[in-house]
Amino acid sequence: MPLSPDHYIVLRDPASSRRHLWVFEGDSSVDPQRASQAIDDALAAINPSYAALRLGSALIDAPRVLVLPRGTFDAYVAEGFARRGQFKFRHLHADIHALSRVRGLSAISQQLQQERAS
């Protein structure tokens, strides 16, 4: 799939506490449902605990994927280098509120909040 392996974020899905939201940069040819299934299958294959929790959606639901245009994370990367000189892309965030406090990611947080409100 034409998704950026370097630029992605995972957080609790603000639309459902039973799943994770995976946010990627990619192009318009990416099918979010297919990407979600690929992530779900890969996680289940390498982690028996995950597979057990997913069995029949017992405790967690399949992940949801949001594909953003390439370049969406540029402000986050630029802010990180400007503030520290070195930068490591942080892929995991606790939730949408934590994401909204990260410099350069507020636009993504706002988009998720608008999606949640509609």
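The largest cavity is lined by R18, R19, H20, W22, L43, Y50, I60, D61 and P63, and its volume is about 50 Å³. One cavity of 30 Å³ or more is counted. A cavity here is a set of points, on a 1 Å grid over the protein atoms alone, where a 1.4 Å probe fits but cannot get out, and lining residues have an atom within 4 Å of a point. Grid points are joined across faces, edges and corners, and a volume is the space filled by probe spheres set on the points.

This is a predicted model, in which local features need pLDDT of at least 70, side-chain atom pairs count only at pLDDT 80 or more, and totals for chains, interfaces and linings use all residues. Residues are numbered from 1 along each chain as its sequence is written, and side-chain values use heavy atoms, with hydrogens and water left out.

- Helices (H or I, at least four residues) and strands (E, at least two) are DSSP runs, numbered from the N terminus.
- Helix α1 covers residues 32-46, and its 15 residues should span 21 Å at 1.5 Å a residue, which agrees with the 21 Å between its end C-alpha atoms; the expected span is 1.5 Å times one less than the number of residues.
- Seen down the axis of α1, the buried residues line one face of the helix, because they fall within an arc of 135°; the arc is that of the directions from the helix axis to the C-beta atoms.
- Those buried residues are A35, S36, I39 and D40, where buried means under 20% relative accessible area, exposed over 50%, and partly exposed in between (1.4 Å probe, protein chains only).
- On the face of α1 turned away from the buried side sit the exposed residues Q33, R34 and A45.
- Packing partners of the buried α1 residues are β1 (3-12), β2 (20-26), α2 (48-54) and β3.
- D31 caps the N-terminal end of α1, with a side-chain oxygen 3.1 Å from the backbone nitrogen of Q33.

- S36 counts as buried because its relative accessibility is 8%.
- Its side chain reaches the backbone oxygen of P63 at 2.3 Å. A polar contact is a pair of N or O atoms within 3.5 Å; within protein, one must be able to donate a hydrogen and the other to accept it, and residues adjacent in sequence count only if both atoms are side-chain atoms.
- Setting aside neighbours within four places in sequence, S36 is in contact with A62, P63, R64 and V65, contact meaning heavy atoms within 4.5 Å.

- The twelve residues of α5 should span 16 Å at 1.5 Å a residue, and the end C-alpha atoms are 16 Å apart, which agrees.
- Within α5, the buried residues are I108, S109 and L112. Viewed down the axis of α5, they fall within an arc of 100°, so they line one face of the helix.
- The buried residues of α5 pack against β2, β3 and α4, while the face turned away from them carries the exposed residues A107, Q114 and A117.
- Q110 belongs to α5 (residues 106-117) and is partly exposed, with a relative accessible area of 47%.
- Q110 and L53 are 57 residues apart along the chain, and their C-alpha atoms are separated by 30 Å.
- L68 lies in strand β3 (residues 64-69) and counts as buried at 2% relative accessibility.
- Not counting residues up to four places away in sequence, L68 touches V23, F24, E25, G26, I108 and Q111.
- From L68 to R83 there are 15 residues in sequence and 25 Å in space, C-alpha to C-alpha.

- The buried residues of α3 are Y76, V77 and G80. Down the axis of α3, they fall within an arc of 100°, so they line one face of the helix.
- These buried α3 residues pack against β1.
- Just after α3, G85 takes a positive phi of about 80°.
- H93 sits in the loop between α3 (74-84) and α4 (96-100), and at 5% relative accessibility H93 counts as buried.
- Leaving aside neighbours within four places in sequence, H93 is in contact with I9, V10, L11, R12, Y76, L99, V102 and L105.

Terms used
On a 1 Å grid over the protein atoms alone, a cavity is a set of points where a 1.4 Å probe fits but cannot get out, and a pocket is an open set with protein on both sides within 12 Å along at least five of seven lines; lining residues have an atom within 4 Å of a point.
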